[in-house]
Amino acid sequence: MRTGSIPEDVIQSVLEKTDIVELIGRTVSLARSGRGYLGLCPFHSEKTPSFNVLPEKRIFHCFGCGAGGNAIRFLMKSEGLSFPEAIRALAETTGVAYDFAPAPSEMTEEQREALRFIAANEEAAKFFHFVLGGTEQGQAGYEYLKRRGFSQKLIDEFEIGFAPPLRDSLLQFLQTKGFPPPVAERAGLIAARNDSTDYFDRFRDRVMFPIWDAAGKIVAFNGRAVGDAQPKYLHSPETTLFQKSKVLYPLHLAKASIRKQRQAVLFEGMVDVIKAREAGVENGVATLGTALTETHLAMLRRYCDSILVCYDGDRAGQAAAHKTVLLCEKAGMKCEVALLPEGKDPDEYIAAFGPDAFLANVIRNPVSSTKYKILYLKKEHTLQDDGGKLSFVRSALRIVAALESPTEREHYVKELAGETQYAFETLKQEMNEIRQKVRGQGDKNEIPWNTDMNEKGSSAPAVPALRPAYYSAERQLLAAMMYSEDAAKLVQEKLGGEFHVEAHAAIAAYLYAYYAAGREPNPSGFVGTLHDDALEALASSILLSVPQDAINEKVLEDCLTEVRKHDLELKLKQKQQQLARAERAEEFAAAAQIGIEIITLERELKQLGQRI
Ligand SMILES: [Zn+2]
């Protein structure tokens, strides 16, 4: 939290050790392009990529909005961190050791207050822990914890305590430690009645769980009523140090393991996470009575790229798991779901079947996010009647159709066929039609641009479309123009003289002139007006090989697209040569610009490819 004076060598070594492509790649899909990487800019909305990452120079730059800088700047912009916070986050990931604690003389008033809050919370934790273990009043808390299966080891490791059922015991204790009531109140530990100075303990007759920030400082408490007091669970109020949407419990203990396993296990409750940790799940974290947010995911993304969701087996838990799966997918994180029997939460499962069964059957036996979404869908449908079955299959196929991997799609279609007794071929065809439709609607961000680009022709169209090469496409266009004035007008408007074969362009020019003179379509009559042996022969051969009934609107469209496609291919080739020249000349700015043009051309090409 230091505002200035982090030594230059610390900053440099953090930047040197950070893999900027890996860092940015966690949030932006990057595709290799020349010496760098290209992607869609996360800082402005765009459809063609202009966001460049140059690993050699350790920088990023967006030609669209001008955003740019090093890894520190990227974290500041993408996660809303301050300069020191961003360095600190990177130092943590890269293992650069540095004590970020500011010298008192350099602290702002806000920072001094934050330190006082933490100190007050740490003292309160000691007080609660002592009351639980060493006083008669703590007995009620002890019995509660024993009933819930907490060992002494867990109680100590998680510094669990007890707030006595007294009006102002913590208040008095904190005063003796040098924390006057107004400070303790701002820290969320005590409350005041009606804005007055009538202070009293906020937590009474509750088992107390300290809540740490990612650095391991106590910033808040969760208090659980042992009696009938309401609310059953009481959190510290939100302060500058404690915001529920930014806390994962207990990230400071779990982060090393999360980084090592590149996966975090998400639980719904603090008790679940504690019990799972005891069972051997060291990379588990829980949100504090709130749904998982994008902020939580951004925090986890610093340590891992994969999430395992382990929520309660009841309806509410499964609905929350479903939302989390969707959120992870949106954030581009891999996600799996560990399933619990109906009506059991992780804590209850471990108590009933033991830690080994929990690890083997739940944690190490997850289903993919796709499988989970289908299972979730199934619960919402009655499969006994045909209508319900059909509606389930259709919705499930929509999920499967969005998958990029053909192997995965086939796998799930087979599963659905087995489950529903519909024929595999029928389901496959229906799924392909859904894919066609989705693609026909244009880029709805369901398929990331770069995977789309890399996976050429993976989706076989349900109905094979005509795929003429540009040469035969041009011949078909000329035939159509000879047969119909409307076709000639359309081609003139769309293509003009842009035929790739010179002789074709010549015949087209004659045709435009022919109709412009007000003449009626008459193929053989037209051929007679050419007065050039070679062109006449060509026009005739075209008329012979392309019968009139082979032409319709769809064929015309396809042919026009094919010709345009060849146009783009030529331009692309030209650009690729330019790129190679620019790179040889080490003109990197120019090379990056050409790289963008290449991506745009490739994208246009791909889109054309999908239309025919
Ligand atoms: Zn931008």
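Reader: Is the crossing of H21 and H26 left-handed or right-handed?
Author: Happy to start there, with a note that this is a predicted model, where local features need pLDDT of at least 70, side-chain atom pairs count only at pLDDT 80 or more, and totals for chains, interfaces and linings use all residues. Residues are numbered from 1 along each chain as its sequence is written, and side-chain values use heavy atoms, leaving out hydrogens and water. A crossing is called left-handed if the near helix is turned anticlockwise from the far one by less than a right angle, and right-handed if clockwise. By that rule, the crossing of H21 and H26 is left-handed.

Reader: Are H21 and H26 roughly parallel or oblique to each other?
Author: H21 spans residues 470-483 and H26 residues 553-584, with axes 9 Å apart and an angle of about 135°. Angles under 35 degrees count as roughly parallel, over 145 as roughly antiparallel, 65 to 115 as roughly perpendicular, and the rest as oblique. The two helices, H21 and H26, are therefore oblique.

Reader: How does H17 lie relative to H18, roughly parallel or roughly antiparallel?
Author: Helix H17 (residues 386-401) packs on helix H18 (residues 406-420) at about 170°, with axes 10 Å apart. That angle makes the pair roughly antiparallel.

Reader: What share of residues 565-592 is helix?
Author: An unreviewed UniProt entry annotates this stretch as "coiled-coil region", though such annotations may be inferred rather than shown by experiment. In the model, the end C-alpha atoms of residues 565-592 are 24 Å apart.

Conventions. Axes fitted to C-alpha atoms, helices over the stretch in contact; angles between N-to-C directions. Helix = DSSP H or I, 4+ residues; strand = E, 2+ residues; numbered from the N terminus.
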